[in-house]
Amino acid sequence: MSVLTEFKAALAKAKHIVVLAGAGLSAASGIPTFRGAGGLWRKYDAMSLATSEAFEENPSLVWQFYHYRRHVAARAHPNAAHKAIALLSASPSDLHAVAPFAQSFILVTQNVDGLSGRALPPNLPKESQPVEMHGSVFRVKCTKCVYVGYNYDDPICPALGGTEAVFDEDKPGLKIEVEDLPKCPECGALSRPGVVWFGETVDLLDSIYENVLKKCDLLLVIGTSSTVYPASGFAEEVQEHGAEVAVFNLERTKGDEYADFLFIGPCEDTLPKALGVEDKVKG
Ligand code: NAD
């Protein structure tokens, strides 16, 4: 039996399907990944840009980096893999056509680009929305008080003269003065990007384990290098209670050791095909 036939048989009996996504899901939308070919961190040092220590030391540089990432994300469009996931999250009839016993289909994403949410129709209930475990580049958090908000207008674009976003830490003209950085609307303190940085706790983790992973019987791991904790542990966790795991990636990764089904190739092709929805997500 081919892996595709075996995977379809697993879908046909699954009750609680979970998708874990990484940066590879958005690669075809033009958002650079961290570690694959053309990955962001090959060009820039992650530890100097995505940690709270880096923000304390140089908030202007870190905001400039997130300004650039917001700019890229805001101009990108969901690709066929985002659309396939969105279709099955939002439409029970499409879900039941491929997984007749499915009671839930939940996306947990490590991505901060907001593209999975944008692939969904508007006004869906919370349980159909993606769980953004690492936050979003469109979110801002206060560094002093509890304020968290979404801001789809670029908070620092005016400080950069409203120009095209570029990220170049060596370009002196791009430096933003600290007084021009976004401030909390509640208390006036410095705001920071609303993402989870390296070394920080994932606030949603307990709820993901309790409400999502515990009952999962089929996990689809898509476009992640499976090197970043805690998401890197999800496949092992669900397999321990008998769930099956399907991995969709451009290349072999550490996650393959848990793969009952392995699809090597661009997920924008392999995923819609494996889910049997390629005709519905074209274009
Ligand atoms: P990663 O960069 O470590 O790995 C990406 C993986 O995707 C690689 O294994 C690569 O081979 C694979 N890939 C690339 N193109 C693909 C495609 N078309 N189809 C299938 N697979 C493809 O990313 P990760 O594992 O998500 O790393 C975790 C961290 O990266 C997270 O903290 C996340 O927040 C952050 N990140 C997010 C974005 C985004 O929001 N789009 C972008 C870069 C990094």
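**Note on the predicted model**

1. Leaving aside neighbours within four places in sequence, cysteine 145 is in contact with Cys184, Glu186, Cys187 and Ala189. Two residues are in contact here if their C-beta atoms, placed from the backbone, lie within 7 Å. Cysteine 145 is found in the loop between strand S4 and strand S5 (148–150). Helices (H or I, at least four residues) and strands (E, at least two) are DSSP runs, numbered from the N terminus.

2. On the basis of the coordinates: this is a predicted model, in which local features need pLDDT of at least 70 and side-chain atom pairs count only at pLDDT 80 or more, while totals for chains, interfaces and linings use all residues. Residues are numbered from 1 along each chain as its sequence is written.

3. Cysteine 145 counts as exposed because it has 12 C-beta neighbours inside 10 Å. The scale is as follows: a residue is buried if 20 or more other C-beta atoms lie within 10 Å of its own, exposed if 12 or fewer, and partly exposed in between, with C-beta atoms placed from the backbone. Cysteine 142, by contrast, is buried, with 21 other C-beta atoms within 10 Å.

4. Cysteine 142 lies in strand S4 (residues 135–142). Not counting residues up to four places away in sequence, cysteine 142 touches Tyr147, Cys184, Glu186, Cys187, Ala189 and Ser191.

5. An unreviewed UniProt entry lists Cys142, Cys145, Cys184 and Cys187 under "binding site". These residues are spread over 46 residues of sequence, yet they cluster in space, the largest C-alpha distance being 8.4 Å. UniProt positions are given in the numbering used here, feature names are shortened, and annotations may be inferred rather than shown by experiment.

6. Strand S4 is largely enclosed by the rest of the structure, because 6 of its 8 residues are buried. S4 runs antiparallel to strand S6 (residues 191–195), to which 4 bridges join it; valine 140 stands opposite proline 193 in S6. S4 is also antiparallel to S5, with 3 bridges between the two, and arginine 139 stands opposite tyrosine 150 in S5. Strands are taken to pair if DSSP finds at least two bridges between them. S4 and S5 form a hairpin with 5 residues between them.

7. The chain is divided into domain 1 (1–29 + 78–133 + 202–283) and domain 2 (32–75 + 135–195), with bounds from an automatic or database domain assignment. Contacts between the domains involve 11 residues of domain 1 and 10 residues of domain 2.

8. Which residues does aspartate 113 touch, not counting those up to four places away in sequence? They are Ser26, Ile31, Ala73, Ala76 and Val137. Aspartate 113 lies in the loop between strand S2 (104–109) and helix H7 (115–118), and it counts as buried because it has 25 C-beta neighbours inside 10 Å. Aspartate 113 and alanine 23 are 90 residues apart in sequence and 9.1 Å apart in space, C-alpha to C-alpha.

9. Helix H10 (residues 267–274) is mostly covered, with 6 of its 8 residues buried; these are Cys267, Glu268, Thr270, Leu271, Pro272 and Ala274. The cover over the buried residues of H10 includes helix H1 (3–13), helix H5 (80–90), strand S7 (218–222), strand S8 (244–249) and strand S9 (261–264). Glycine 276 follows H10 and has a positive phi, near 70°.
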